[in-house]
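Thanks for coming, everyone. Please take a moment with the picture before I start.

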Amino acid sequence: MTSQLESLNRWVDDVARLTQPDRIHWCDGSEAENRALIAQMEADGTLIALNPQTHPNCWLHRSHPSDVARVEHLTLVCTKEQEDAGPNNHWMAPAEAHAKIDALFAGSMKGRTMYVIPYCMGPIDSPISRCGVEITDSPYVVVNMRIMTRMGAPALARIEREGTFVKGLHSTGDLDPDKRWIMHFPEELTIKSIGSGYGGNALLGKKCHALRIGSWQARSEGWLAEHMLILGVENPKGEKTYVAAAFPSACGKTNFAMIIPPKGYEGWEVTTIGDDIAWIKPDAMGRLHAINPENGLFGVAPGTNEKSNPNALATLHANCIFTNVALTHDGDVWWEGLTEEAPSHLIDWTGKEWTPGCGRPAAHPNSRFTAPASQVPSIDPAWEDPAGVPISAFIVGGRVSKAFPLVFQSFDWAHGVYLAATMGSEATAAAVGQAAMRRDPFAMLPFCGYNMGDYWAHWLSIGRSLPEAPGIFRVNWFRKDENGKFVWPGFGDNMRALEWIVNRVKGRAGAVESPYGWVPRYADLNWKGLEFPKAKYDEIVKVDREKGLAEAADQVAHFAQFGDKLPKEMELERQLLVARLERSPAVWELVA
Ligand code: SAT
Ligand code: MN
């Protein structure tokens, strides 16, 4: 098979000449093709079939032990001018980058099959969706792309109609970490990735296309490509509100996207559009509409359980691929946090015997599940609406144990951009070698495909163009007390902050002005069904002046990196925060 699109055939030929595969296979996305690939991977040990009774059509994959997460230090944005990639990206000149990586691709597919995967990010008939073609020598990538994207014949038909597509070239190479690169050439709409089979490095539709290349395209075309979940909230009156929320990798996006309203919220419903990425575009009326460009979930397994995320657990009963989790005796999966007590014996993620107390985790901390979004019990009926869903609020937040209140609203759009631009988070296992604490603006630090200063300016200009801009809110579920214990119950009870957010944007919830933004008073939140005394609430909203000033002072260096690219509004907002803090008492507290 070849395509009717000459430019696609030519590129495939060029890649084949370089990588020298034994065979070329154009993926049609069919069930038969998927079956054949799985059978082949079962035979060579790449996939282990799980118990068909408890997990029909599910497989376990164990990666190379050095290939378990994204590698930010090896991830490059290769623009002609270094300034366009910005201090937030590792950079290499395009010619040098191509030469370096092409030398590794030379002959890399000898003895292997080269798969050509046409895919569409977003519903196949949505004008907001965009297509790409990934070439890979990994059948594991093919079966994962089939879950994560709309892959195969319909995508190819759209590509042929449109004549354009993002080019992604991937080879697992020899999985040598010293010969691993994830390179982006946004000016050429091209991605090249070698030496890793891990999700964010190898499933090129996801972070590489939908975020790094996507954000570049979004800026030049006037839309937003964001690391955000999308959810719908329906109140007992049947009124529906959609919000998009940015949290860094492994900070609970999947849990929040599938939140189950807690006790006291009878009649409320939360529905899921997406759990990781949002493509957001102003419609003809200037209202922001969002689609989930993905077709599946690539979620963190550890910590997922009946309490933290029953919807995710129910999603995982069939048709899933698990990567680097532990295997039970009866062909079932297990990971830390799935059950309170670990089974007495397991095979760990590396294939070794495991018993509780042996000193090693059974599942890798960044072990993952790949699952079809259509299986999520809370999936929104409009999740594939080609027009997307209207967004009324943005929520941003990180994993920070100190300083910031549970929830607060920005004073206006520019202040909201500032709140998102300065958000920070403690390290997680989603990428190797993260600093203990880092600023992760909009949760886009590892994913913004261009200069972050230009990105903030783009957000500011989008806001100016909207007749009715959504509210911007910041949340912090992770505040700890003096004993290092989380104060807020989190999970389902995050619904209380969500209800306040929804009511705020509808103009029917109270708040008071704190140095950080509009904060709900105790009485402004719905406490039905939860015992949470006012004194405890006051603890998680109070503002310590010295901590606040230290935070504002720390932002100076953060902003300084961006030089001339820093929008003036950002430094002005910082100074306004300092002014508000200087005029506030040593500890700013709610009076009512
Ligand atoms: O980068 S992945 O998409 O594999 C996971 C993440 O870090 O969000
Ligand atoms: Mn993510």
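First, the ground rules. This is a predicted model, where local features need pLDDT of at least 70, side-chain atom pairs count only at pLDDT 80 or more, and totals for chains, interfaces and linings use all residues. Residues are numbered from 1 along each chain as its sequence is written, chains are lettered from A and ligands numbered from 1 in the order in which they are written, and side-chain values use heavy atoms, with hydrogens and water left out.

Domains next. The bounds come from an automatic or database domain assignment. Domain 1 covers 3–46 + 70–222, domain 2 covers 229–294 + 384–588, and domain 3 covers 296–375. How far apart are the C-alpha centres of domain 2 and domain 3? They lie 29 Å apart. Domain 2 gives 10 residues to the contact and domain 3 gives 12 residues (contact means heavy atoms within 4.5 Å).

Now the interface. The size of an interface is often given as the accessible area lost when the parts come together. Here buried area is the accessible area, taken with a 1.4 Å probe, that two parts lose on being put together, summed over both. Domain 2 and domain 3 bury about 1000 Å² between them. Of that, 58% is on carbon and sulfur atoms.

On to the cores. Buried means under 20% relative accessible area, exposed means over 50%, and partly exposed is in between (1.4 Å probe, protein chains only). A nonpolar core is a set of buried Ala, Val, Leu, Ile, Met, Phe, Trp, Tyr and Cys residues joined through side-chain atoms within 4.5 Å. The largest one has 128 residues. F256, F394, W456 and Y537 have the most contacts inside it.

Set aside its neighbours within four places in sequence, and its contacts include V417, A421, P441, F442 and H558. F559, F562, L566, P567 and M570 are also in contact with W456.

Now the metal. What are the protein donors of the manganese ion, ligand 2? They are K207 through NZ, H227 through NE2 and D276 through OD, lying 2.2 Å from the ion. Donors are N, O and S atoms within 2.8 Å of the metal (3.2 Å for Na, K and Ca), and water is not among the atoms, so sites may look incomplete. In sequence, the donor residues are spaced K-x19-H-x48-D. K207 sits in helix α8, residues 205–221. H227 is in the loop between β12 (224–226) and β13 (229–234), 20 residues from K207. Both K207 and H227 are buried. Helices (H or I, at least four residues) and strands (E, at least two) are DSSP runs, numbered from the N terminus.

Next, helix α11, residues 413–421. Why call it largely enclosed by the rest of the structure? Because 9 of the 9 residues of α11 are buried. At the start of α11, a side-chain oxygen of D412 comes to within 3.3 Å of the backbone nitrogen of A414. That is a polar contact: a pair of N or O atoms within 3.5 Å; within protein, one must be able to donate a hydrogen and the other to accept it, and residues adjacent in sequence count only if both atoms are side-chain atoms.

H415 is part of α11. Its relative accessibility is 1%, so H415 counts as buried. Beyond its neighbours within four places in sequence, H415 is in contact with S410, Y516, G517, E573 and R580.

Last, some loops. D524 lies between β31 (518–519) and α14 (534–541). Is D524 buried or exposed? D524 is buried, at 18% relative accessible area. Its side chain reaches the backbone nitrogen of R521 at 2.7 Å. By contrast, E306 is exposed, at 56%. E306 is in the loop between β18 (296–300) and α10 (310–315).
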